[in-house]
Amino acid sequence: MNSAKLNSYNTQKLLLVVSITLLVLKLAAYYLTGSVAVLTDALESIVNVIAALIGLYSLSLSALPKDANHPYGHGKVEFLSAGIEGSLIILAGFWIIYECVYRLFHFTPLQQLDQGMILLGISALINLAVGQYSLRNGKKNNSLALISSGTHLKTDALTTFGLIIGLAMVWITEWQFLDALVAIVFALIIIYSGFSIVRSALSGIMDEADEQLIDQILNVLKDHRNENWLDIHNLRVVNYAGFFHIDGHITVPRYFTVDEAHAELDRITAVLAAHFEERVEFSIHTDGCIPEQCSLCNKAACPVRSADFVRSLDWNYELVIQNKKHRLPE
């Protein structure tokens, strides 16, 4: 297991321990108060525990090396894990709404709201800190499992703070129906969070183009660009939850020998590998330039030049994903 995967795995273990601890705190708060709003938070914490277990398993599986049956590795299981977590969050949100509607017509007296709010406040602060830590590590290691968990925990913390405000209103006004109404509002926020996580998971499973990631690759290449790299086109990146498979074409001077063209590929590979560490694999094809590209080529000593250099083109997302060699607009 490489360092990035090990860090993600250890972070997920921390999330599991924290999720179990917070579940106990919130169940204690519900026992003290009898509040459906507090029950809302406790139900979501059950989802957190299940999601943490699924995330831990998916990270251990994604860390397995490539094999004959999985030539690109096992990383995409993290997308499945995130999809399951998001679905559970959505189900929890609808379950909470059901409970709230029931409580609107079947009031249960609330009690010890002050102690319940203290326990919820402690759990919210822990959730916020651990969620931020998970989100930071997830972005650092490009782990959707950790990003999903971190986003979920931060949302959970914010909803808990909102619930505390709602309970304070009930405590002050003694309008106990506010308990269920506040819970419904935050259940809708929870459902929205779940849909966002599922959307991200489906994007990864379906290999949706990641403009931000391609821009990151282009910035690295532009920082090291040399006169032999006329263009990069048909660029595609498949994200296997932190492991990238990069496909693309690079145009080099057409008079280059096979060895010279391969040397340019080695330079590109070295540049990207240094940036992405052990998390990248390449399938890059070399193309020879065409006369129509002379006007954007600034190679000083070119024996086949047929037109003067005019200007270079900036490599951007819209340009490099096209399956054609670059030319200056007419």
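Reply: Let's start with the term itself: a salt bridge is a side-chain nitrogen of Lys or Arg within 4 Å of a carboxyl oxygen of Asp or Glu. This is a predicted model, where local features need pLDDT of at least 70, side-chain atom pairs count only at pLDDT 80 or more, and totals for chains, interfaces and linings use all residues. Residues are numbered from 1 along each chain as its sequence is written, and side-chain values use heavy atoms, leaving out hydrogens and water.

Searching the whole structure turns up three salt bridges. Take Glu-264 and Arg-267: their closest N and O atoms are 2.5 Å apart. Both sit in helix α8 (residues 258-276), and because they are three residues apart there, about one helical turn separates them. (Helices are DSSP runs of H or I, at least four residues, and strands are runs of E, at least two, numbered from the N terminus.) Glu-264 is buried at 4% relative accessibility, while Arg-267 is partly exposed at 42%. Buried means under 20% relative accessible area, exposed over 50%, and partly exposed in between, with a 1.4 Å probe and protein chains only.

Next up, Lys-299 pairs with Glu-227, with 3.5 Å between the closest N and O atoms. This pair links distant parts of the chain, 72 residues apart: Lys-299 is in the loop between β3 and α9, and Glu-227 in the loop between α7 and β1 (231-239). Lys-299 counts as buried at 11%, whereas Glu-227 is partly exposed at 33%.

Finally, Asp-314 and Lys-222 meet at 3.3 Å, N to O.
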